[in-house]
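I opened this model to look up a few helices, a sheet and some single residues, and I kept notes as I went.

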Amino acid sequence: MANIDGTPGGRGSGEPGAARAALDSLVDPVVAVEEGRLSYANAAAVEAFDLPPDPAGGSATDLPWWTAVEPEIREATIGTAREVSGETLPAPARIHRRDGGATIAFDGDGGPPARDRAVKDRAMNEAPVGITIADAGSEDVPLVYANEAFERVTGYPVSEVVGQNCRFLQGEESDPEAIEAMWRAVEEAEPVTVELVNYRKDGTSFWNEVTIAPVREAGELTHFVGFQNDVTKRKRAELALERRTAELEHVLSRIEGLVRDVTAAAAGATDRPTLETAVCERIAEEAGYEGVWIGERDAGRGTIEVRASAGIDPEALPLNADHPAPEAIGEGEARLGPEEAAFPLVHNDVEYGVLVVRGGAIDDRERAILSALSRAVASGINARETSRILETDAIVAVSLRIDDRGFVPAALSAAADCRLEYRRSTHLAEEPAALFTVSGATPGALEDAAANLEGVSVRTVVERGTEGSPELLVELRTEEPGFVEWLSTRGGVVRSISAGDGEADVALELPAAADVRAVVEAIEERHPGTDTRSIRRHERAGETRAEFASRLEADLTDRQLAALRRAYLGGYFEWPRPTTGEDLAESMGVARPTFHEHLRTAERKLCAALFEGDEPGDTA
């Protein structure tokens, strides 16, 4: 063997040169022998024949295949090549005879180093996706190859598919458009990828992602290679999502109408029974719901009484221990039972009963929607109940004494050593506040006392009286809803609050149909130390002062009512005036001319109500 420079050489002798580097890169074993001894072996031969790293000079006769090739070397003509094979050879070999020795190259298929084609063949056979090759030059483009993954995916042995067109995978649910796209790509020799339903040998279907690509040799189309990937799990998830989306769009369309109608019923009903009946009837119209009813807890008997229903016989309702309605009312949260779902009717912590829907399983989406509807219904009931105090002739007057420093007027009276009298509430700039007259305290002392109470602020509107006996008109605000606002959400109206020495006497009115016991218990829970002095029921005769005031207030704007109230309570109509229009304007945050405009308009409406009866509303 000669090096690139023409001198003998090999592994372990002389400078390697480019020739040795080239031989070392071969994946086939190559050895050179000189007079029975090894003069060279490339890396593949060292590994294949378990030779030492530097084999030059070793005896060739120690090799197990030497006895098979030694006679062939002697018989070969110098300058020629001879191919030999045999059972004692590790692989077929080619002997290149030269003067004094020979070079022997073995076919790598017989040894551990794999040839490029072997690697490719193994890669195709072991690929995780199905691979097929079809003959583009034969009629009907039959398959000529299929790998093992194809058999795993389809269940068809390779021996059964070779020679057939791959349409045997198609069936009744295979998409005709996808099939057409594949055949068009074959006819035009273009690549294509489609997804369609195919069928295994056992008849079961699966979603197959098929990719077909043309194979050309020297520019001529010879074959088509195909890839089959089972995408059933992904496709089923996509189809389920599409169905879910379509269902959701349908539900949202249906729910939009339901929400609109129930909200309209809650806002437009003239009384509570009408509201509850309309709500039950509308919800019962929805497909999937067998019936709907609204019930209210009877605290005295510890039962739930049906107030309205639709699509269900209220006499046949089994309110046993397992029914979700009692738990929903008790916990204030929706509860789902096997046949019925219960949703509490609560507004501003006031309980108005429970809405129960009978039907199939209710999912999270329906639960959220019905919970929102229940809150809208409770808000509508609250509005009806709150307005009843001004409309009913039968009322219940309740007198209380509250000895609780959590009751702000009582706490202020103790902290500032003064007396407070409730006048009315105001909602200027959407900030609810209560107006009180205060005697026995200076503005500074009252503000200091309020500063020590969490979430309480006091602002002096008018200061009058003498230095030794001050009289104030103040606005009292709290971060949490005040007692007056809190009671109004329960259908009650505060008639008076008189606080002094850390105690407060409170007079309030409730409609006779209200659950008076529940309201009083709520007050006692809010303010421990509450003592109920009296509860009296009586009928109204004619228009009361409160009704007249309410009718007048309804005709006044917020600014007009605030200007009139501040002027009266601040002594503006007295002589000499203890306060000026500029002071009152400043307390409202408006200019003096604007204050006088509001005040004059309010005075005119007051006179019209006294002397002319009802006057058309004026928003000036």
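## Loops with positive phi

I looked up Ala218 and found this residue in the loop between β9 and β10, where helices (H or I, at least four residues) and strands (E, at least two) are DSSP runs numbered from the N terminus. This is a predicted model, in which local features need pLDDT of at least 70 and side-chain atom pairs count only at pLDDT 80 or more, while totals for chains, interfaces and linings use all residues. Residues are numbered from 1 along each chain as its sequence is written, and side-chain values use heavy atoms, with hydrogens and water left out.

Ala218 has a positive phi of about 55° although it is not a glycine. I noted this because most residues other than glycine have a negative phi. Ala218 counts as exposed because its relative accessibility is 81%; buried means under 20% relative accessible area, exposed over 50%, and partly exposed in between (1.4 Å probe, protein chains only).

I then turned to Asp50, which lies in the loop between α2 (43–48) and α3 (66–75). Asp50 is not a glycine either, yet has a positive phi of about 55°, and its relative accessibility of 69% makes it exposed.

## Confidence

I checked pLDDT, the predictor's confidence in each residue from 0 to 100: the protein chain averages 82, and 86% of the residues score at least 70. Over residues 110–114 the pLDDT is below 50, and this stretch has nine contacts in the model beyond near neighbours in sequence, a contact meaning heavy atoms within 4.5 Å. Residues 614–620 also stay under 50, and the model gives them 17 contacts beyond four places in sequence.

Which residues of α3 are buried? I found Trp66, Val69 and Ile73, and they line one face of the helix because, seen down its axis, they fall within an arc of 75°, the arc being that of the directions from the helix axis to the C-beta atoms. The buried residues of α3 pack against β1 (30–34), β3 (81–84), β4 (93–98) and β5 (101–106), whereas the face turned away carries the exposed residues Thr67, Arg74 and Glu75.

In helix α13 (residues 443–451) I listed Pro443, Leu446, Ala449 and Ala450 as buried. They cover an arc of only 130° around the axis, so they sit on the same side of α13. Asp448 and Ala451 are exposed on the other side, and the cover over the buried residues includes α12 (408–415), β18 (433–439), β19 (456–465) and β20 (470–478).

## The five-stranded sheet

I traced an open sheet of five strands in the order β7-β6-β10-β9-β8, with antiparallel pairing; two strands pair if DSSP finds at least two bridges between them. Its edge strands, each pairing on one side only, are β7 (143–146) and β8 (192–199). Six bridges join β6 (residues 130–135) to β10 (residues 220–230), and Ile133 has Val225 in β10 as its bridge partner.

## Ile283

Last, I looked at Ile283 in helix α9 (residues 272–284), which counts as buried because its relative accessibility is 0%. Leaving out residues up to four places away in sequence, Ile283 touches Leu258, Val262, Tyr289, Val292, Leu355 and Val357. I also noted that Ile283 and Leu370 are 87 residues apart in sequence and 9.5 Å apart in space, C-alpha to C-alpha.
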